[in-house]
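Visitor: Could you walk me through this structure, starting with how the strands pair and then moving to the side chains?
Guide: Gladly, and I will give cut-offs as the terms come up.

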Amino acid sequence: MANEATLQFETGIPIPFTVADGTAIPKGTLLKLTDPMTAIITSAAGDAIAGIAAEAKIASDGNTKLAVYMDGIFRMTAGGSITAGDSVMSETGGTNEVIVATTAKEGREIAGTALETAADGETFLVHLNIGGGSPNA
């Protein structure tokens with residue numbers, strides 16, 4: 001998968017979320033939270049974040065549960081310039097990139113905090129901490 005988020009340090013165990021049987025989800029995909037405790041692939045900037053897929057989900061394999069990391073240190077791809085300490089959120093279009101969170105975003109849209117500075121397209125360390133931190137000014 002392009003722009004796969006890769007686990008660098010495990011700080012929490014993955015939690016099982018409900019997923020659609022007919023959907024393929026690559027390992028390392030940033031996921032959107034839907035009700036009830038269901039995860040789908042992010043598709044818009046500022047989606048409510050469920051976490052990152054801990055394993056691959058094969059379409060129509062009969063499984064409706066997927067292990068999802070809600071915490072950890074991940075190497076992710078920047079969808080623009082990001083400075084260490086910035087809160088980050090999902091990028092538009094299901095690119096599996098993160099961008100700087102704006103002041104208009106709610107906590108549930110914050111994926112975590114940048115631990116390194118990165119330019120557009122670079123990989124960098126992110127503390128996945130859903131809802132943690134605050135939108136940037």
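Visitor: How do strand E8 and E9 run, and how many bridges join them?
Guide: Strand E8 (residues 87-90) and E9 run antiparallel and are joined by 3 bridges, where two strands count as paired if DSSP finds at least two bridges between them, and where strands (E, at least two residues) and helices (H or I, at least four residues) are DSSP runs numbered from the N terminus. Within this pairing, Val 88 stands opposite Val 100 in E9. This is a predicted model, in which local features need pLDDT of at least 70 and side-chain atom pairs count only at pLDDT 80 or more, while totals for chains, interfaces and linings use all residues. Residues are numbered from 1 along each chain as its sequence is written, and side-chain values use heavy atoms, with hydrogens and water left out.

Visitor: What sits between E8 and E9?
Guide: The two strands form a hairpin with 6 residues between them, and Gly 93 in the turn has a positive phi of about 90 degrees.

Visitor: And how does E7 run relative to strand E9?
Guide: E7 and strand E9 (residues 97-100) run parallel, joined by 2 bridges, and the bridge partner of Ala 78 in E9 is Val 98.

Visitor: Changing topic, which residues have the most contacts inside the largest nonpolar core?
Guide: They are Ile 52, Phe 74, Met 76, Ile 82, Val 88, Val 98 and Phe 124, in a core of 19 residues. A nonpolar core here is a set of buried Ala, Val, Leu, Ile, Met, Phe, Trp, Tyr and Cys residues joined through side-chain atoms within 4.5 Å, and buried means under 20% relative accessible area, exposed over 50%, and partly exposed in between (1.4 Å probe, protein chains only). The elements giving two or more residues to this core are E5, strand E6 (65-69), E7 and E11. As general background, nonpolar side chains in soluble globular proteins tend to be buried together.

Visitor: What does the second core include?
Guide: The second core is separate and has 9 residues, among them Phe 17, Ile 25, Ala 39 and Ala 50.

Visitor: Back to Phe 74: is it buried or exposed, and what is it in contact with?
Guide: Phe 74 is buried, at 2% relative accessibility. Leaving aside neighbours within four places in sequence, and taking contact as heavy atoms within 4.5 Å, Phe 74 is in contact with residues including Ala 5, Leu 7, Ile 52, Tyr 69, Phe 124 and Leu 128.

Visitor: How many aromatic pairs does a search of the whole structure find?
Guide: The search finds 1 aromatic pair. The rings of Tyr 69 and Phe 74 have their centres 5.6 Å apart and their planes at 65 degrees, so the pair is edge-to-face. The rule is that rings of Phe, Tyr and Trp (its six-membered ring) pair if their centres lie within 6.5 Å, with planes under 30 degrees apart counted as stacked, over 60 as edge-to-face and the rest as tilted. Tyr 69 also counts as buried, at 10% relative accessibility.

Visitor: How many salt bridges are there?
Guide: A search of the whole structure finds 4 salt bridges, each being a side-chain nitrogen of Lys or Arg within 4 Å of a carboxyl oxygen of Asp or Glu. One of them joins the side chains of Asp 47 and Lys 32 (3.9 Å, N to O). Asp 47 lies in the loop between strand E4 (38-41) and strand E5 (49-53) and Lys 32 lies in strand E3 (residues 30-34), so the pair ties together parts that are 15 residues apart in sequence. Asp 47 is buried at 7% relative accessibility, whereas Lys 32 is partly exposed at 24%.

Visitor: Which residues are linked in a network of salt bridges?
Guide: Asp 21, Lys 57 and Asp 61 are linked in such a network, with Lys 57 and Asp 61 meeting at 2.6 Å, N to O. Lys 57 is buried, with a relative accessible area of 3%, and Asp 61 counts as partly exposed at 32%.

Visitor: What about Glu 116 and Arg 75?
Guide: Their side chains meet in a salt bridge at 3.7 Å, N to O. Glu 116 lies in the loop between strand E10 (112-114) and strand E11 (123-129) and Arg 75 in strand E7 (residues 71-78), so this pair ties together parts 41 residues apart in sequence.
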